[in-house]
Amino acid sequence: MSKANSSTSPTRQNSFKVTLSIRRDGDPCPVYMKQDGQRFKLPRTLKLFVDTSYRVDLSFKPPQVL
């Protein structure tokens with residue numbers, strides 16, 4: 001009888017941090033949030049411009065294979 005290969009056996013859970021960044025395309029300034037009072041379920045919403053391209057970046061620390 002042989003032992004199970006450790007690469008196929010369950011491993012400990014890894015923890016990592018995910019960062020989401022939203023910026024107007026070609027503009028280094030970040031997108032801002034604003035207070036909305038009681039119009040929506042959450043008290044803050046993102047302030048975005050119409051007819052504008054945005055860049056969304058996700059980063060993982062430590063790096064993860066997706």
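User: What does the protein chain average in pLDDT?
Analyst: The average is 78, and 80% of the residues score at least 70. pLDDT is the predictor's confidence in each residue, from 0 to 100. This is a predicted model: local features need pLDDT of at least 70, side-chain atom pairs count only at pLDDT 80 or more, and totals for chains, interfaces and linings use all residues. Residues are numbered from 1 along each chain as its sequence is written, and side-chain values use heavy atoms, with hydrogens and water left out.

User: Where does pLDDT stay under 50?
Analyst: Over residues 1-10. For that stretch the model has one contact beyond four places in sequence. Contact means heavy atoms within 4.5 Å.

User: OK, secondary structure. How many helices and strands?
Analyst: Zero helices and four strands. Along the sequence the pattern reads β-β-β-β. Both are DSSP runs numbered from the N terminus: helices are H or I with at least four residues, strands are E with at least two.

User: And what share of contacts comes from residues 24 or more positions apart?
Analyst: 57% of the contacts with a separation of 6 or more.

User: How much of the chain is buried?
Analyst: Of the 66 residues, 3%. Buried means under 20% relative accessible area, exposed over 50%, partly exposed in between (1.4 Å probe, protein chains only).

User: What is the accessible surface?
Analyst: About 6700 Å², with 55% belonging to carbon and sulfur atoms. Areas come from the Shrake-Rupley method with a 1.4 Å probe; for residues, only the protein chains shown count as cover.

User: Which residues make the nonpolar surface patch?
Analyst: Phe 16, Val 18, Leu 20, Val 56 and Leu 58, over about 490 Å². S1 and S4 each supply at least two of the patch residues. Patch residues have over 30% relative accessible area and no salt bridge; like charges are joined within 9 Å, nonpolar side chains (Val, Leu, Ile, Met, Phe, Trp, Tyr) within 5 Å. A salt bridge puts a side-chain nitrogen of Lys or Arg within 4 Å of a carboxyl oxygen of Asp or Glu.

User: Switching to rings. How many aromatic pairs?
Analyst: One. Phe 16 and Phe 60 have ring centres 5.9 Å apart and planes at 55°, so the pair is tilted. Rings of Phe, Tyr and Trp (its six-membered ring) pair if their centres lie within 6.5 Å; planes under 30 degrees apart count as stacked, over 60 as edge-to-face, the rest as tilted.

User: Which parts does the pair tie together?
Analyst: Phe 16 lies in the segment before strand S1 (17-24) and Phe 60 in strand S4 (residues 54-61), so the pair ties together parts 44 residues apart in sequence.

User: How accessible is Phe 16? And Phe 60?
Analyst: Phe 16 is partly exposed at 42% relative accessibility. Phe 60 is partly exposed too, at 22%.
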